[in-house]
Amino acid sequence: MNIGILALQGDYVKHARAVEKLGHTSICLKEADTLQKCDKLIIPGGESTAIIRLIEKLKLRPALLEFAAEHAVMGTCAGLILLSKIPGNLPFPSLGLIDIEVERNAYGRQIDSFIDTVQITLNGQEQDFEGVFIRAPKIKKYAETVEILGYHGTDVVMAQDKNILVCSFHPELTNDLRIHDFFISSVD
Amino acid sequence: MLNKDFQLKIGLAEMLKGGVIMDVTNPDQAKIAEDAGAVAVMALERIPADIRADGGVARMSNPKMIKEIQKVVSIPVMAKCRIGHFAEAQVLQTLGIDFIDESEVLTPADEKNHIWKHDFKVPFVCGCRDIGEALRRIGEGAAMIRTKGEAGSGNIVEAVRHMRSVQGSIRHIQTLSDDELMAYAKNIGAPVDLVMYVKEHGKLPVPNFSAGGIATPADASLMMQLGAETNFVGSGIFKSEDPAARAKAIVLATTHFDDPDTVARASEGLKEAMPGLEMSAIPEEEQLNKRGW
């Protein structure tokens with residue numbers, strides 16, 4: 001499968017490596033036209049304010065919304081913020097593709113970043129995953145249509161609504177490919 | 001070396017990739033930088049061009065000014081401490097700074113030793129001129145490396161020299177056989193395990209950014225094409241005639257570094273860049289990139 005990765009800013013190369021390791025093709029894209037070659041899209045970690053400004057500046061919003069109407073999209077950390085309906089203080093509206101309310105930098109500054117085990121559910125199987133949280137956001141509220149797939153303690157850290165998958169941590173910073181594999185094979 | 005704490009520090013550096021980190025000296029400039037799409041700001045009292053002009057000892061910024069900048073932006077805030085001045089670094093960590101730059105732009109506090117950065121929870125970035133210096137700093141715990149370039153010069157030549165040197169050495173190390181690695185490590189004064197990492201992976205163990213002399217969108221594109229993963233821009237923005245427009249243009253040129261059409265469009269309509277200095281006009285003892293080892 002051809003997995004597009006929005007490559008405006010952030011750790012898109014890490015996602016590309018995960019996709020390639022799973023035997024799929026990664027396409028790092030900066031233009032709307034390239035989306036036509038992609039079967040699914042990943043919005044990476046990075047600085048959400050910087051990425052949303054570039055989406056506006058490069059007029060990518062309509063193409064991204066059109067793509068998401070028919071294809072699966074995954075967002076990690078900043079990607080989660082950009083996909084959410086209520087993203088906190090962003091300079092432009094988010095893409096609003098999943099009905100969650102987010103608090104940016106909810107855990108604090110870099111000194112409060114952490115790595116800890118999270119409990120996730122993939123294809124009905126509960127399992128542990130190493131959650132890398134870097135200046136991470138929190139999902140404060142979610143609509144009934146949103147399926148919760150992951151917890152850290154009582155905090156919701158991974159969620160899905162039909163074709164949209166989000167997590168507040170960074171599976172791409174580990175060598176563990178289970179979440180990427182789940183997105184590519186099971187999210188439609 | 002890749003324990004969890006270090007992984008976490010490198011993680012933030014990963015998030016800053018493909019972006020621009022801008023030097024700012026007050027909250028207004030910090031807002032301009034954030035609004036232009038900066039991925040982080042570097043809070044300092046004087047930009048390098050002014051430090052160079054003013055002379056005297058340059059130190060860590062006043063905590064009050066750092067806190068004011070932290071209040072107005074949501075992106076990471078970095079700050080500089082003097083080389084070897086671990087007490088300044090402790091203060092910056094207490095303030096909740098997201099990344100500390102142990103920087104040759106400030107007057108060194110220790111001519112022999114850099115900070116042992118593994119002792120800190122906050123990540124550090126350090127400058128380098130070549131691969132030996134880069135690996136020594138990583139050995140001390142730096143989670144990000146940048147070229148030193150020549151800060152405050154508006155001249156890209158030193159940044160290019162340093163980036164080409166690092167990238168060339170990475171390629172060279174990959175051609176060495178295992179029994180040549182120890183002698184190579186000895187000659188460049190670097191930990192051998194890090195030399196082995198470079199041979200195996202074809203890259204530094206931490207992200208490699210560029211700094212020191214970027215003044216135009218084309219400069220930003222050049223450094224990215226030479227292998228930089230993000231650009232630091234210091235005096236280049238707020239010493240120019242049109243900081244907000246230039247900041248935006250450099251962000252766009254960094255994102256689209258491989259597309260000359262976009263770099264051209266980003267450059268159109270900009271006013272004068274900062275004046276810039278010939279390296280021959282800077283006496284050797286005043287060159288900032290010669291500080292540290």
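What follows is a chat about a predicted model and parts of its chains A and B.

Reader: What should I know about the numbering and the model before we start?
Author: Residues are numbered from 1 along each chain as its sequence is written, and chains are lettered from A in the order in which they are written.

Reader: Fine. What is the strand order of the open sheet in chain B?
Author: S7-S6-S5-S4-S3-S2-S1-S8, 8 strands with parallel pairing. Strands here are DSSP runs of E with at least two residues, helices are runs of H or I with at least four, and both are numbered from the N terminus. Two strands pair if DSSP finds at least two bridges between them.

Reader: Which strands are at the edges?
Author: S7 (208-209) and S8 (231-233) of chain B, each pairing on one side only. S8(B) is joined to S1 (residues 20-24) of chain B by 3 bridges in the parallel sense, and Ile21(B) has Phe232(B) as its bridge partner there.

Reader: Which helix lies across S1, S2 and S3 of that chain?
Author: Helix H4 (residues 63-72) of chain B, at about 165 degrees to S2(B). Helix H6 (residues 131-140) of chain B lies across S5 (124-128) and S6 (144-147), at about 160 degrees to S5(B). The axes are lines fitted to C-alpha atoms, for helices over the stretch in contact, and the angles run from 0 to 180 degrees between N-to-C directions.

Reader: Now H2 of chain B. Which of its residues are buried?
Author: Gln29(B), Ala30(B), Ala33(B), Glu34(B) and Ala36(B), in a helix of residues 27-36. Buried means under 20% relative accessible area, with a 1.4 Å probe and protein chains only.

Reader: Why do they line one face?
Author: Seen down the axis of H2(B), the buried residues fall within an arc of 165 degrees, so they line one face of the helix. The arc is taken from the directions from the helix axis to the C-beta atoms.

Reader: And what do they pack against?
Author: Helix H2 (48-57) of chain A is one of the partners, and those in chain B include S1, S2 and H4. Packing goes by contact, meaning heavy atoms within 4.5 Å.

Reader: What caps the N-terminal end of H2(B)?
Author: Asn26(B), through a side-chain oxygen 3.1 Å from the backbone nitrogen of Asp28(B). Just after the helix, Gly37(B) takes a positive phi of about 100 degrees.

Reader: Over to chain A. How many bridges join S7 to S8?
Author: 9, between residues 114-122 and residues 125-133, which run antiparallel. Ile120(A) stands opposite Gln127(A). The hairpin has 2 residues between the strands, and Asn123(A) takes a positive phi near 50 degrees. S7(A) is also joined to S10 (residues 147-152) of chain A by 2 bridges, again antiparallel.

Reader: Is Thr174(A) buried or exposed?
Author: Buried, with a relative accessible area of 12%. Thr174(A) lies in the loop between S12 (164-167) and H5 (178-186) of chain A.

Reader: What does its side chain reach?
Author: The side chain of Thr174(A) reaches the backbone oxygen of Pro171(A) at 2.8 Å. The backbone nitrogen of Asp176(A) lies 3.2 Å from a polar atom of that side chain. Leaving aside neighbours within four places in sequence, Thr174(A) is in contact with Phe129(A), Glu130(A) and Val132(A).

Terms used: Predicted model: local features only at pLDDT ≥ 70, side-chain atom pairs only at ≥ 80, totals over all residues. Heavy atoms only, no water. Buried < 20%, exposed > 50% of the residue type's maximum accessible area, 1.4 Å probe, protein only. Polar contact = N/O pair within 3.5 Å; in protein donor to acceptor, adjacent residues only side chain to side chain.
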